[in-house]
Amino acid sequence: MQQGLSPKDCGMLLDESPLFEPSLLQELDWSSNTVSFSPPISPSSPGQGLVLRPLCTADFNRGFYKVLSQLTLAGDVTPEQFIKKFEHMKKTGDYYVIVVEDTNLGRIVATATLITEHKFIHSCAKRGRVEEVVVSDVCRGKQLGKLLVSTLTLLSKKLGCYKITLECAANNVAFYQKFGYSASEETYMQCRFFD
């Protein structure tokens, strides 16, 4: 992957424009959060030198893909590809990618995604889906995973989703149960076309 390129190098603009309106995070009712944090942290105060906010294209040069690659194969992505995907996600209005930036380092240290699906069922309701929750190995133990999941869970409720789901390994079930998630009777199946 080509990181560290300037906007002139890629012929496109890597800037601070957020993927979604930051006020959505600022207006979350944190008092309805069901998970305790010690020491206390929240979306508006995630820890010393840390900022929780929507993804922006400038995050391409702040190690966004380095963090994602600690979760799964992120692939070789050019700035052009990244910006094109970002603009598509922003246009649909159904993608909420949040990041935690270490402002001292100017690096992304954690990220998670909420996708809203529009349904005909439940009176044309929306369903939320949590994806790609990952905290950089250098920041584990700072409650950032808990913060990301709590934030996206509250955000899905604020957005009017009738339910929120996620997929997790068996060894992570207890972690997600803390947030009110429970195993469903549905069996997750997949048909992979590419690795």
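Q: Where does lysine 91 sit?
A: A quick note before the answer: this is a predicted model, where local features need pLDDT of at least 70, side-chain atom pairs count only at pLDDT 80 or more, and totals for chains, interfaces and linings use all residues. Residues are numbered from 1 along each chain as its sequence is written, and side-chain values use heavy atoms, with hydrogens and water left out. Helices (H or I, at least four residues) and strands (E, at least two) are DSSP runs, numbered from the N terminus. On that numbering, the place of lysine 91 is helix 4 (residues 79-92).

Q: Is lysine 91 buried or exposed?
A: The labels go by relative accessible area: buried is under 20%, exposed is over 50%, and partly exposed is in between (1.4 Å probe, protein chains only). Lysine 91 comes out at 76% relative accessibility, so the label is exposed.

Q: How far apart in space are lysine 91 and leucine 19, C-alpha to C-alpha?
A: In sequence, the two are 72 residues apart. In space, C-alpha to C-alpha, lysine 91 and leucine 19 are separated by 9.0 Å.

Q: How many salt bridges does the structure hold?
A: Side chains of opposite charge can pair when their charged atoms come close. Here a salt bridge is a side-chain nitrogen of Lys or Arg within 4 Å of a carboxyl oxygen of Asp or Glu. By that rule, the number in this structure is 10.

Q: What is the N to O distance in the salt bridge of arginine 53 and glutamate 101?
A: Both arginine 53 and glutamate 101 are buried. Their side chains meet in a salt bridge, and the N to O distance is 2.9 Å.

Q: Which residues do salt bridges that share partners join into one network?
A: Arginine 53 and glutamate 101 pair with each other, and both belong to the network.

Q: Which residues does serine 156 touch, not counting residues up to four places away in sequence?
A: Serine 156 is found in helix 6, and with a relative accessible area of 4% it is buried. Contact here means heavy atoms within 4.5 Å. On that basis, serine 156 touches Leu114, Cys161 and Ile164.

Q: Where is the place of proline 39?
A: The peptide bond that leads from serine 38 to proline 39 is cis, with omega near 0°. As for proline 39 itself, its place is the loop between helix 2 and strand 1.

Q: Is glutamine 143 buried or exposed?
A: Glutamine 143 is not a glycine, yet its phi is positive, at about 70°. It is found in the loop between strand 4 (126-135) and helix 6. Its relative accessible area is 16%, so glutamine 143 counts as buried.
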